[in-house]
Amino acid sequence: MSEGIARAIFEDAGYRVIDAGVEKVFREVACLSPLEYAKLAMPDAVRKLPDFMVMNREQDQKYLIEVKYRDSWSKAVLSEVKDQVALFGEMILLSINASADNPRKFKDSPSRFIRCCALRLNAGVYEMEMRNNRGWEPVDKLDDDAGLWWATWPLWEKFPQLKEDGNSKTLSLAVKTLKGILTE
């Protein structure tokens, strides 16, 4: 569900979205039980494919994107994708947080609930690119608190075709839909 909404957000802004996840490339595995899937012994390169490859309009920039929805976001999400980052070198984690803090009591905006971060493996160190000119920091040194969520990027800062003002209706509807469906 969250992948479909993420796809719609990018396509609405004019990005090309190419399915890459194992369930999309090999659709038949989606109907298998976990035991049946395990018996297939798929290679890591197939099992760990990110959900999408997203390209800009000019098709001269590409991003490998993994989408994760959480009722409550934490640093554990970064650990969940570490093996994928190790395999692909660098990727973007698009996170949807249904219960994002609002410490400054700002008016709700899509960027409160949908954010992203770049992750990479650099000389064997798993790193996250921090917002606000903080650069790359080792994931294992990051504090697991609300500040970590706010150190990730609003989508429109990483994906310039996605202007929050121009796409706020689409983004707001996406957040409401996900919160309504996935928290019930």
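What is the mean pLDDT of the protein, and what percentage of its residues reach 70 or more?

## Confidence of the model

This structure is a predicted model. The protein has a mean pLDDT of 86, with 87% of its residues at 70 or more. Confidence is highest in strand E6 (residues 125-130), where the mean is 97. The lowest confidence falls in H10, with a mean of 59.

## Aromatic pairs

Five aromatic pairs are found when the whole structure is searched. One of them joins tyrosine 15 and phenylalanine 159: the ring centres are 5.8 Å apart and the planes stand at 90°, so the pair is edge-to-face. This pair links distant parts of the chain, 144 residues apart. Tyrosine 15 belongs to the loop between helix H1 (2-12) and strand E1 (16-19), whereas phenylalanine 159 belongs to the loop between helix H9 (155-158) and helix H10 (164-182).

Both tyrosine 15 and phenylalanine 159 are buried. They also take part in one aromatic cluster, formed by Phe10, Tyr15, Tyr63 and Phe159.

## Charges over rings

Two tryptophan rings are considered here. Over the face of tryptophan 136 lies arginine 120, at 4.0 Å from the ring centre. Over the ring of tryptophan 153 sits the charged end of lysine 158, 4.4 Å from the centre of that ring.

## The setting of lysine 48

Lysine 48 is located in the loop between helix H4 (44-47) and strand E2 (52-55). Its relative accessible area is 16%, so lysine 48 counts as buried, the cut-off being under 20%. Apart from neighbours within four places in sequence, lysine 48 contacts Asp83, Gln84, Leu87 and Phe88.

How values were computed. Residues are numbered from 1 along each chain as its sequence is written. This is a predicted model: local features need pLDDT of at least 70, side-chain atom pairs count only at pLDDT 80 or more; totals for chains, interfaces and linings use all residues. Side-chain values use heavy atoms; hydrogens and water are left out. Rings of Phe, Tyr and Trp (its six-membered ring) pair if their centres lie within 6.5 Å; planes under 30 degrees apart count as stacked, over 60 as edge-to-face and the rest as tilted. Helices (H or I, at least four residues) and strands (E, at least two) are DSSP runs, numbered from the N terminus. Buried means under 20% relative accessible area, exposed over 50%, partly exposed in between (1.4 Å probe, protein chains only). A charge sits over a ring if NZ of Lys or CZ of Arg is within 6 Å of the ring centre and within 35 degrees of the ring normal. pLDDT is the predictor's confidence in each residue, from 0 to 100. Contact means heavy atoms within 4.5 Å.
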